Amino acid sequence: ENKTLREIINYTLNFLNKKAWILKIPKWFILPFVFVLESLCRITQAHSPMTIRRLESITTSRLFDIRKAKTDLNWSPTVKMEEGLKMSYQNLTNPI
C-alpha cells in the first residue's frame, strides 16, 4: 500500500476536520525570491523561513514505499497507516 505525501496529508487533514490552504505558485517564479531571502538571512545570520533545499523538498512528489523494509528486514506493519496516524495524534495531544 504505497502512499504519496499528498495522500498522507489529505488523510491527516480529514481526520482533524481541517481544510488545506493551497497556494499554487510556479517554482520558477518563487525560486529567485527564495534565493534572495536565503542569501540575506545568511548575511545577517538570521534563520531563513524558506531555503532552496526546503523549496525543493516541498515541491518534489514523494512515494512512501515499505517494500524494501519487508524484503530486506523481513518486517511487516502491525498497524495500518491510518490507525498509526490516529495513535500518533493521540500521543502527541495527550502526553503522559
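**Note on helix packing and salt bridges**

1. Arg54 is found in helix α3; helices (H or I, at least four residues) and strands (E, at least two) are DSSP runs, numbered from the N terminus. Arg54 is partly exposed, with a relative accessible area of 34%. On this scale buried means under 20% relative accessible area, exposed over 50%, and partly exposed in between, with a 1.4 Å probe and protein chains only. Leaving aside neighbours within four places in sequence, Arg54 is in contact with Ser48 and Pro49, where contact means heavy atoms within 4.5 Å. The C-alpha atoms of Arg54 and Val34 are separated by 9.7 Å, the two residues being 20 apart along the chain.

2. On the basis of the values: this is a predicted model, in which local features need pLDDT of at least 70 and side-chain atom pairs count only at pLDDT 80 or more, while totals for chains, interfaces and linings use all residues. Residues are numbered from 1 along each chain as its sequence is written, and side-chain values use heavy atoms, with hydrogens and water left out.

3. Helices α2 and α3 pack at an angle of about 150°, with their axes 9 Å apart. Axes are lines fitted to C-alpha atoms, for helices over the stretch in contact, and angles run from 0 to 180 degrees between N-to-C directions. The two helices are therefore roughly antiparallel to each other; angles under 35 degrees count as roughly parallel, over 145 as roughly antiparallel, 65 to 115 as roughly perpendicular and the rest as oblique. From α2 the contact takes Lys27, Ile30, Leu31, Val34, Phe35 and Glu38, and from α3 it takes Ile52, Leu55, Glu56 and Thr59. These residues divide into six nonpolar, one polar and three charged. Here Ala, Val, Leu, Ile, Met, Phe, Trp, Tyr, Cys and Pro count as nonpolar, Asp, Glu, Lys and Arg as charged, and the others, Gly among them, as polar.

4. The structure holds four salt bridges, each a side-chain nitrogen of Lys or Arg within 4 Å of a carboxyl oxygen of Asp or Glu. One of them joins Glu56 and Lys27, whose closest N and O atoms are 3.2 Å apart. Glu56 lies in helix α3 (residues 52–59) and Lys27 in helix α2 (residues 27–44), so the pair ties together parts that are 29 residues apart in sequence. Glu56 is partly exposed at 33% relative accessibility, and Lys27 is partly exposed at 33%.

5. Glu82 forms a salt bridge with Lys3, with 3.8 Å between the closest N and O atoms. Because Glu82 lies in helix α5 (residues 81–93) and Lys3 in strand β1 (residues 3–4), this pair ties together parts that are 79 residues apart in sequence. Glu82 has a relative accessible area of 24% and is partly exposed; Lys3 is partly exposed at 21%.

6. Glu82 also belongs to a helix contact: Ile8, Tyr11, Thr12 and Phe15 in α1 meet Met81, Glu82, Leu85, Lys86 and Tyr89 in α5. The residues of this contact divide into six nonpolar, one polar and two charged. The axes of helix α1 (residues 5–15) and α5 come within 11 Å and cross at roughly 55°, and the helices are therefore oblique to each other.

7. Arg67 forms a salt bridge with Asp65, the closest N and O atoms lying 2.6 Å apart. Arg67 counts as exposed at 56% relative accessibility, whereas Asp65 is partly exposed at 30%.
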